[in-house]
Amino acid sequence: MEGTVFTPSLQGIKNVKSESGVILTKPFLEVCKHILPVLDKFGSAMSIVKNDIGGNITRLETKYASDPSKYEQLHSMVKVEIRSKTAKSSSSCTNGLLWLTRTMDFLVALFHNLVQHPDWQMSQACSDAYSKTLKKWHGWLASSSFSEYLTIPEFQVAIKLAPDRKKFMEIISGSGDINADIEKFCATFSPLLAENHRFLVAVYNRFVYFQASVGMDDLKAS
């Protein structure tokens, strides 16, 4: 492997924004897709996360493909659904973008943990990342389900079968500096995720889609 497993994502991030500073749909989704091979290295422990990310990417890609010019800008999908009052649907691209962004938040936190806490077990790095990101957005049922997933025997077995932290880092390192690439990825991709969150909150507050001053980014899973 030339470079690390993060090399494609780091290269792709350079093209995510237009000259005017707008997040572009295809490049953003490509960066997210480039992270999927990283999850493969975790083994079955990350299958639920990979499936969630892959499903939301497919949903957004399908909408983009229906009219590439119209949906060239990532946030244009949300604006169209707001106007047509379809954004609230669980199958909407708005909901897909929301949960793709939140799940990528989780991965950024996880990657950060792997670099900042080399003494942590993989399960601890995952649990901490979940507590800092996805947990606050999940409703009681979703949160309970995810917590069970982190503690049930099947998950524990999967974690034991997955490479330990040192082995995992060796596998994804390739010929590059994996710690440096992870830090660079977290530093450059996090602002894009934060921009998505700000946009979703601002748009939903502006259109008063739900209760006054409540944005899409405040919604929890049911």
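## An exposed loop

Lys85 is exposed, at 68% relative accessible area. Here exposed means over 50% relative accessible area, buried means under 20%, and partly exposed lies in between (1.4 Å probe, protein chains only). This is a predicted model, in which local features need pLDDT of at least 70 and side-chain atom pairs count only at pLDDT 80 or more, while totals for chains, interfaces and linings use all residues. Residues are numbered from 1 along each chain as its sequence is written, and side-chain values use heavy atoms, with hydrogens and water left out.

Lys85 sits in the loop between helix 4 and helix 5. Its phi is positive, about 60°, although Lys85 is not a glycine. Most residues other than glycine have a negative phi. Ser91 lies in the loop between helix 4 and helix 5 as well. Ser91 counts as exposed, at 52% relative accessibility. In sequence, Ser91 and Arg59 are 32 residues apart; in space they are 8.3 Å apart, C-alpha to C-alpha.

## Overall build

The protein has 10 helices and 0 strands. Helices (H or I, at least four residues) and strands (E, at least two) are DSSP runs, numbered from the N terminus. Along the sequence the pattern reads α-α-α-α-α-α-α-α-α-α.

Of the 222 residues, 49% count as buried. The accessible surface comes to about 11000 Å², and 52% of it belongs to carbon and sulfur atoms. Areas come from the Shrake-Rupley method with a 1.4 Å probe; for residues, only the protein chains shown count as cover. Contact means heavy atoms within 4.5 Å. Among contacts with a separation of 6 or more, 72% join residues 24 or more positions apart.

## The nonpolar core

The largest nonpolar core has 64 residues. Such a core is a set of buried Ala, Val, Leu, Ile, Met, Phe, Trp, Tyr and Cys residues joined through side-chain atoms within 4.5 Å. Those with the most contacts inside it are Phe6, Phe28, Phe42, Leu107, Phe111, Phe185 and Phe189. Several helices each supply at least two residues of this core, including helix 1 (7–13), helix 2 (25–40), helix 6 (122–132) and helix 10 (178–207). Helix 5 gives the largest share, 14 residues.

Leaving aside neighbours within four places in sequence, Leu107 is in contact with Ile35, Leu39, Val49 and Ile53.

## Helix 3 against helix 5

The axes of helix 3 (residues 47–66) and helix 5 (residues 93–116) come within 9 Å and cross at roughly 140°. Axes are lines fitted to C-alpha atoms, for helices over the stretch in contact, and angles run from 0 to 180 degrees between N-to-C directions. The contact residues include Val49, Ile53 and Leu60 of helix 3 and Trp99, Leu100 and Leu107 of helix 5.

By class, this contact has 11 nonpolar, 4 polar and 3 charged residues. Ala, Val, Leu, Ile, Met, Phe, Trp, Tyr, Cys and Pro count as nonpolar, Asp, Glu, Lys and Arg as charged, and the others, Gly among them, as polar.

## Two buried residues

Phe199 is found in helix 10. Phe199 is buried, with a relative accessible area of 13%. Leaving aside neighbours within four places in sequence, Phe199 is in contact with His75, Val78 and Lys79. Phe199 and His75 are 124 residues apart in sequence, and 7.8 Å apart in space, C-alpha to C-alpha.

Ser173 is in helix 9 (residues 165–173). Ser173 counts as buried, at 13% relative accessibility. With neighbours within four places in sequence left aside, Ser173 is in contact with Gly3, Thr4 and Ile178.
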